[in-house]
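Subject: Structure handover

Hello,

Here is the structure I said I would pass on. Please open it alongside this message and follow the residue names as you read.

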Amino acid sequence: MKNLIKSLLAFSFISVILNGCGNGGSTNKGAISGSAAEKVYVAPGQHDEFYAFLSGGFSGQLAVYGLPSGRLFKVIPVFSVDAEKAYGFNEETKPMLTTSYGQIPWGDAHHPDISQTKGELDGRWIFINENNTPRIARIDLTTFETAEIIEIPNSAGNHSSSFVTENTEYVVAGTRFSVPIPQRDMPIKDYKGNFKGALSFISVDPNDGNMSIKFQILMPGFDYDLSHPGRGKSHGWFFFTTYNTEEANSLLEVNASQNDKDFIAAINWKKIEAYVNNGGGTKMPTKYAHNLYSDKTHSATNTMIKEVLTVNPLDVPGAVYFLPTPKSPHGCDVDPSGEYIVGNGKLSANLTVHSFTKMLNAIENKKFAGESYGIPILNFEDVLAGTVEQPGLGPLHTEFDGKGNAYTTFFISSEVVKWKLGTWEVIDRKPTYYSVGHLMIPGGNSAKPFGKYVVAMNKITKDRYLPTGPEVTQSAQLYDISGEKMELLLDFPTIGEPHYAAGIPADIIKANSKKFFRLEENKHKYATKSEAEAKVVRNGNEVHINMTMIRSHFAPDNIEGIQVGDKVYFHVTNLEQDYDVPHGISMIGAETSELLIMPGQTETFVWEAKNVGVWPYYCTDFCSALHQEMQGYVRVSPKGSKVPISFTLDGDAVDAE
Amino acid sequence: MKVSILVILASLFLISHCTDNGKKEHSNANVIKKESSIQKNTTAESAVDKGIGPITEVTLGKIDATLAAKGKELFKAQCSACHKITKRVVGPALAGVTDRRSPEWIMNMIMNPEEMVAKNKVAKELLAIYIAPMANQNITKDEARALLEYFRTKSTSSTD
């Protein structure tokens, strides 16, 4: 009873406070929230200042938001099928999800990173890694569609990925789980000393962005957690955090937390690149998928590659060093100048910052503390630039504002902490709601951050939104970081569990955004570029329909001569040549998704004729005032019927004049 | 106002007529009748109405057969989904369009259809009859000129 009274008292007290705020308007709190609202308000018809690409985590996709409004514009399907856009359902995109393990409809999307030129965001492509079945995708930022997916062999839990070097020479994919390489049947207890961790360097063609695995470094069997490129003075190096340097294989939460320090692996990739360019490395038989989508054929192709070039780090002296870093570091972040490498030791009370210059000096003076599997270990004190003392609990990730400040997330104490590079003093801290993981400043992983906002991505949402049953939305929070103190401006919900994000000023990419595909450039095998080319062709029990769509009819609309047991391919071309006039199509009983076809594009779905009758199909995307009239019928006759193939529009053969 | 009521009545008549008979010849005849009534009311205006858009002046010479042939190909690819020459489909039949409209009006209607159906009197009346707004196919000026040349070969005074 006493408790009840206490609760009631507390409740009344809170109510008083809430009422006070609500009535105020002139109170301090009211004034602050008023200005926060103004800062995130983007008037109707106006555009946001930044694009933010938030990984969809276990949704497998990449979500596109505007900042500062937090409005969701598009979910780009990458590693998971998407019925809305027919990704993975239409015949054209099925090859995108092919892997050496077969056709995989789902992925775990983690760390998006935008392509760079001379260390600055160029906005051509965005890369993102898939953790579970190791893959890297490239998304074209003119179409906002997945253009390429490459599988990573010898990798497992593709987590320390997909970060680019300062001219997008490489996108990097590191394994989280070490495994036997090549895979073989062996006792798990023999992990230590036998498993290996592959760090893959995937070259990116500067013209078309096409990826190919240049080499894989086969490292000791640790867990490679995250990575970031060197830049400026440290361009040519890549840094990976490791944990489980204990090489435990069971109950890792205890057994992989034994060592006082794990490592940051510093990789001189330029040295290894020169080594392989001179014929170094060992070609190893393997199998991995390389999937490429063309917006000329509007189709994807899958190629299985049978070989990968591996490099033993001991064969390239001076290419790999270990920097001792306390307590299972997670994020591995490099400041815009390239001098500081932050190891976010997730079980450490302090934040460790290494100096690139000191690292080079120690290497030059050959001052080593020892070695691990033949790889030199530098002395912690020799490479340490400084320590941020007791900034919070559970540091995970750090980003930079380009004005000499760093911002670190603390998972356990649920806060973002701003601190100063060089002096290591804490300047400000703001709570997050709750348990923040990653954070993102547009351009935060580049030589030129745009330090106006930071987005915090939280792992736990609890009571921040209207409840939606046991599963509640994922959540991001936007802070203004233009002043000395951070200011929380906005909560907004996100899809999946966003791991990392990448942001970019909208002006860098919005002018390049494609409005429609030119019909004359359509090289799809079944493109139908005018109604006169529409046709229906039987080939055994396959029937191929070359169909067109325009506001608001299909050509042909009525098709006869289909028989039970036929497999009917609808190859549908949208003849529109204007912005934002997609059409959709689906057919009763189709065991697949609708198609959503952009102007000038061709897509295909398959429909199996199972029952005699006359079966309708229709446009699924409201396209004009006469959208409801956009439909057609397929007549299905018994197998062996004498009804010939015919196709008409308005009762006539489809023709031009 | 009178015109729009007439148009609505005519459209209703046309739709029900269509449904009853399912014969497009009849509906075509009605549409053509309706169109010519617009024409009759506005003949003087139509002849000089250049429409709204990027085209202000077109000088016509003798029909250029090469240009017309290019126009015919463009017509097939970009226009024929909605327009035929001799019959109404989604939009009007285009035989004789150069007799009904100025060259500038035709090119502006091709290149700037959104503004035309919103602001130009004749285009607005046509929209009321045909309901489906003219699609913008992002036709260039040169392409629109080629289409015009092709339409000239389909004029009632043409021997083509």
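A:Gly422 sits in the loop that runs between strand 28 and strand 29 (426-431) of chain A. With a relative accessible area of 39%, A:Gly422 is partly exposed. From A:Gly422 to A:His397 there are 25 residues in sequence, and the C-alpha atoms of the two are 18 Å apart in space. Please keep in mind that this is a predicted model.

A:Ile412 counts as exposed because its relative accessibility is 55%, and the cut-off for exposed is over 50%. Together with A:Leu393 and A:Phe411, A:Ile412 makes a nonpolar surface patch of about 280 Å².

Next, the salt bridges. How many salt bridges does a search of the whole structure find? Over all chains, the number is 32. Here are some of them.

A:Lys327 and A:Asp260 meet through their side chains in a salt bridge, at 3.9 Å from N to O. The two residues are 67 apart and belong to distant parts of the chain: A:Lys327 is in the loop between strand 19 (320-326) and strand 20 (329-334) of chain A, while A:Asp260 is in the loop between helix 3 and strand 16 (261-268) of chain A. A:Lys327 is partly exposed at 27% relative accessibility, and A:Asp260 is partly exposed at 45%.

Another salt bridge is formed by A:Glu576 and A:Arg551, with 2.7 Å between the closest N and O atoms. A:Glu576 is in the loop between strand 39 (567-574) and strand 40 (583-587) of chain A, and A:Arg551 is in the loop between strand 36 and strand 37 of chain A, so this pair ties together parts that are 25 residues apart in sequence. Are these two residues buried or exposed? Both A:Glu576 and A:Arg551 are buried.

A:Glu560 and A:Arg635 form a salt bridge as well, and their closest N and O atoms are 2.9 Å apart. Here the partners lie in strands: A:Glu560 is in strand 38 (residues 558-563) of chain A and A:Arg635 is in strand 44 (residues 631-637) of chain A, so the pair ties together parts 75 residues apart in sequence. A:Glu560 has 31% relative accessibility and counts as partly exposed; A:Arg635, at 32%, also counts as partly exposed. Finally, A:Lys39, A:Asp480 and A:Glu487 are joined into one network by salt bridges that share partners.

The backbone has a few points to look at. A:Arg551, already named for its salt bridge with A:Glu576, is joined to A:Ser552 by a cis peptide bond with omega about -15 degrees. A:Ser552 is in the loop between strand 36 (542-550) and strand 37 (553-555) of chain A. A cis peptide bond also leads from A:Leu67 to A:Pro68, with omega near 15 degrees. A:Pro68 belongs to the loop between strand 2 (62-67) and strand 3 (72-76) of chain A.

Two residues have a positive phi without being glycine. For A:Asn154, phi is about 60 degrees; for A:Glu247, phi is near 55 degrees. A:Asn154 is in the loop between strand 9 (145-151) and strand 10 (163-164) of chain A, and at 14% relative accessibility A:Asn154 is buried. A:Glu247 is in the loop between strand 15 (237-243) and helix 3 (252-255) of chain A. At 5% relative accessibility, A:Glu247 is buried too.

The largest pocket holds about 1,200 Å³ of space. It is lined by 40 residues, and those closest to its centre are A:Lys74, A:Thr143, A:Phe144, A:Ser513 and A:Lys514. Which strand gives the most to this lining? Strand 3 of chain A does, with four residues. By class, the lining of the largest pocket has 20 nonpolar, nine polar and eleven charged residues.

There are five cavities of 30 Å³ or more. The largest cavity has a volume of about 550 Å³. Of its 32 lining residues, B:His83, B:Gly91, B:Pro92, B:Met109 and B:Met134 are closest to the centre. Its lining divides into 24 nonpolar, four polar and four charged residues.

Regards

Note on methods: Residues numbered from 1 in each chain as written. Chains lettered and ligands numbered in written order. Predicted model: local features only at pLDDT ≥ 70, side-chain atom pairs only at ≥ 80, totals over all residues. Heavy atoms only, no water. Buried < 20%, exposed > 50% of the residue type's maximum accessible area, 1.4 Å probe, protein only. Patch = residues over 30% accessible without salt bridge, like charges linked within 9 Å, V, L, I, M, F, W, Y side chains within 5 Å. Areas by Shrake-Rupley, 256 points an atom, 1.4 Å probe, with all protein chains shown as cover. Salt bridge = Lys/Arg side-chain N within 4 Å of Asp/Glu carboxyl O. 1 Å grid on protein atoms, 1.4 Å probe; cavity = no way out; pocket = protein on both sides within 12 Å on 5 of 7 lines; lining within 4 Å. Points joined across faces, edges and corners; volume = space filled by probe spheres on them. Nonpolar A, V, L, I, M, F, W, Y, C, P; charged D, E, K, R; others polar.
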